[in-house]
Amino acid sequence: MTPETRPPTSAAVLFDADKLVLELRHDAEGAYHAFPDDGPGAPGAPRVALSLEEALHARIRPAGTAEAVLRAWAEGAAPRGAVALADPSAAPPVRVRAGAVVIRNGAVLLIRFTEEDGASHYEIPGGGVEEGETPETAVVRELDEETGLAGTVGPEIARVWKDGRHEHYFLVAATGEVGPPETLDTYGGVPVWVPVEELPATPLWPRRLSWRIEHWHRTGWPERPAELADSITELGPPCGW
């Protein structure tokens, strides 16, 4: 492999005043943004400048680099210059998961897990995609197993890479009522309804998705799935990136 064809290993974090400069590119799913790299880049790709608020809701690749840059920027220490490229989507996943975002009467259905010290954390209902399944099929099966609800799959709203997993999250319209605990397969968790407005302060996995669900519920769901790397290991501190 010659230097001209070797994949780039770093990207350039450039700012124009207080806006992040990115390349606007397109693939089969539509538009996305990318950091200018140390290679030839995308021929003819125009550059755009995004505010922090705009960047938080943009599809920026690679997702791992975007997570690191957005977190630092949101915390007031945006990096500048060369940063390492981190693309979790390029590695084969150790597990593929499908999650159901079910909202009813202003509340979202979550699975609550209580620790020995009484503290709780939450997860979106869902589980592993089995051999021969699609994520759409798996999310309906998992919703039934974990909550007893029947579901109709709507649009995919997010793809999250976390700890080697590739996770798909769908809006799901669910019917029925949550089943008795003894009939549910939740690994010790309990299905609960949490007001959507409380999500930004709820210790929910994946952390970078929780506040976005509340935002999208107020402002409209994304036309294409958000693409998020999530390396957060502590759920207590607030997350706004």
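1. His215 is found in helix H4, which covers residues 207-219. Helices here are DSSP runs of H or I with at least four residues, strands are runs of E with at least two, and both are numbered from the N terminus. The model is predicted, so local features need pLDDT of at least 70 and side-chain atom pairs count only at pLDDT 80 or more, while totals for chains, interfaces and linings use all residues. Residues are numbered from 1 along each chain as its sequence is written, and side-chain values use heavy atoms, with hydrogens and water left out.

2. His215 counts as buried because its relative accessibility is 17%. Buried means under 20% relative accessible area, exposed means over 50%, and partly exposed lies in between (1.4 Å probe, protein chains only). Leaving aside residues up to four places away in sequence, His215 touches Glu53, His57 and Gly220; a contact means heavy atoms within 4.5 Å.

3. Helix H2 runs over residues 63-74. Its twelve residues, at 1.5 Å a residue, should span 16 Å, and its end C-alpha atoms are 16 Å apart, which agrees. The expected span is 1.5 Å times one less than the number of residues.

4. Nine of the twelve residues of H2 are buried, so this helix is largely enclosed by the rest of the structure. Among them are Ala63, Gly64, Val69, Leu70 and Trp73. The helix is followed by Gly76, whose phi is positive, near 90°.

5. Ala82 sits in strand S6, residues 81-84. Is Ala82 buried or exposed? Ala82 is exposed, because its relative accessible area is 65%. Ala82 and Leu14 are 68 residues apart in sequence, and their C-alpha atoms are 8.9 Å apart in space.

6. The chain as a whole has four helices and 16 strands. For 241 residues a compact globule would have a radius of gyration near 18 Å, and the chain has 19 Å, which agrees. That radius is taken over C-alpha atoms, and the globule rule is 2.2 Å times the number of residues to the power 0.38. Along its principal axes the C-alpha trace spans about 60 × 40 × 35 Å.

7. Of the 241 residues in the chain, 46% are buried. Among contacts between residues at least 6 apart in sequence, 66% join residues at least 24 apart.
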